[in-house]
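I opened this entry to record what I looked up in the model, topic by topic.

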Amino acid sequence: WLLGFLHYRFIAKPCALHVGIQDSGPYQPQPNAILEKVFISITKYPDEKRLEGLSKQLDWDVRKIQCWFRHRRNQDKPPTLTKFCESMWRFTFYLCIFCYGIRFLWSSPWFWDTRQCWHSYPFQPLTSGLYYYYIMELAFYWSLMFSQFTDIKRKDFLIMFVHHLATIGLITFSYINNMVRVGTLVMCLHDASDFLLEAAKLANYAKYQRLCDTLFVIFSAVFMVTRLGIYPFWILNTTLFESWEMIGPYPSWWLFNGLLLILQVLHVIWSYLIARIAFKALIRGKVSKDDRSDVESSSEEEDVTTNTKSFCGSSSSNGANWVNGHMGGSCWAEE
């Protein structure tokens, strides 16, 4: 917790302010007791019939009322600064731990020959470098497990929860059973693409569209290669077949490989989501917003008439009026 606070205070927040992200809350809608009562007591998403009734009651244009409800919903959402700092923390960790992992594994024999993972098993020495690698990864994923309930809510909350459980289970289980050699390969492989995703999100929040698109393309390529190529044909091959051949079907073999296969299923699901975003990006000409995003798209509400632009013209600081950091020039449907 202390490390995260220091990172936020002296690294993440100064970087956010430097790239122009304002330290302010979301756009505040015009105070209105009637609309506030409807929002709190009845519905946050009024239908067409209710909108028409409120329009007659308040003598407001329907578009203006839609805009009010959208800004009121986004008022409870975290601002861009919070999201930037959250991604900055993950980016810093993933990049540092990946560099540490590559440096450590480069001089390890099992990095070049996976059969070395099972030589002399389970009587393999636990070096200090390997120990610290495991402890740092385990501590970070435990922090993600708990912070997931307080951080920005995403649509893939359940998938991420299963992922964190499987990851913590794998790290702990492999450490207890001294399967740390193959464990380091799994951790390093996953860290290879994670920091690129966080970097793309940082560029998105900072409104660097071209940089965001470039980083997302690189991330997609690395993710597909590592998770759908190297992971099943390199990692699963050694845990399923080479281990069976060299040391036999030990009791924990089934549980260990079961957890690894759960990760592979999650890889396929995420690959589908990434491919869908990439496909939309090709059609639209730029990367669309994260399919997991909790902040509403401006959608058809941005196509406002002249007499309501004075009310809806200002963009909220949490990016509600922006499409991936840029003002939408056309009607964008919420993904």
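Predicted model: local features only at pLDDT ≥ 70, side-chain atom pairs only at ≥ 80, totals over all residues.

**Confidence.** For the protein I noted an average pLDDT of 77, with 79% of the residues scoring at least 70. Over residues 291–335 the pLDDT stays under 50, although the model has 122 contacts beyond four places in sequence for this stretch, a contact being heavy atoms within 4.5 Å.

Residues are numbered from 1 along each chain as its sequence is written, and side-chain values use heavy atoms, with hydrogens and water left out.

**Fold.** I counted elements as DSSP runs numbered from the N terminus, helices being H or I of at least four residues and strands E of at least two. The protein has twelve helices and two strands, and along the sequence they follow the pattern α-α-α-α-α-α-α-α-α-α-α-α-β-β. Of the contacts between residues at least 6 apart in sequence, 79% join residues at least 24 apart.

The accessible surface comes to about 16,900 Å², of which 65% belongs to carbon and sulfur atoms; the areas come from the Shrake-Rupley method with a 1.4 Å probe, and for residues only the protein chains shown count as cover. Buried residues make up 51% of the 335 residues, where buried means under 20% relative accessible area, exposed over 50%, and partly exposed in between (1.4 Å probe, protein chains only).

I then looked for nonpolar cores, that is, sets of buried Ala, Val, Leu, Ile, Met, Phe, Trp, Tyr and Cys residues joined through side-chain atoms within 4.5 Å. The largest has 68 residues, and those touching the most other members are Tyr-94, Leu-105, Trp-110, Leu-185, Tyr-231, Phe-256 and Leu-260. Among the helices that each supply at least two residues of this core are H1 (2–18), H5 (80–106), H10 (209–247) and H11 (253–284), while the largest share, 15 residues, comes from H9. A second, separate core of ten residues includes Phe-39, Leu-54, Ile-65 and Trp-68.

**Phe-256 and the rings.** Not counting residues up to four places away in sequence, Phe-256 touches Leu-170, Phe-173, Ser-174, Met-179, Val-182, Thr-239 and Tyr-250.

I found 23 aromatic pairs in the whole structure, taking rings of Phe, Tyr and Trp (its six-membered ring) as paired if their centres lie within 6.5 Å, with planes under 30 degrees apart stacked, over 60 edge-to-face and the rest tilted. Phe-173 and Phe-256 form a stacked pair, 6.2 Å centre to centre with 25° between the planes. This pair links distant parts of the chain, from Phe-173 in helix H8 to Phe-256 in helix H11, 83 residues apart, and both Phe-173 and Phe-256 are buried.

Trp-244 and Trp-254 instead form an edge-to-face pair, at 6.1 Å centre to centre and 90° between the planes. Trp-244 lies in helix H10 and Trp-254 in helix H11, so the pair ties together parts ten residues apart in sequence. Trp-244 is partly exposed at 38% relative accessible area, and Trp-254 is exposed at 55%. I also noted a cluster in which ring pairs link Trp-89, Phe-93, Tyr-94, Phe-140 and Tyr-141.

**Cysteines.** My search found zero disulfides, a disulfide being a pair of cysteine sulfur atoms within 2.5 Å. The sulfur of Cys-15 is 8.8 Å from the closest cysteine sulfur, in Cys-85, too far for a bond. Cys-99 is in no disulfide either, with the nearest cysteine sulfur, that of Cys-96, 6.8 Å away.

**Backbone.** The peptide bond from Tyr-121 to Pro-122 is cis, with omega near 5°, and Pro-122 lies in the loop between H6 and H7. Asn-178, in the loop between H8 and H9, has a positive phi, near 60°, and counts as buried at 15% relative accessibility. Lys-207, in the loop between H9 and H10, also has a positive phi, near 70°, but counts as partly exposed at 36%.

Conventions:
pLDDT = per-residue confidence, 0-100.
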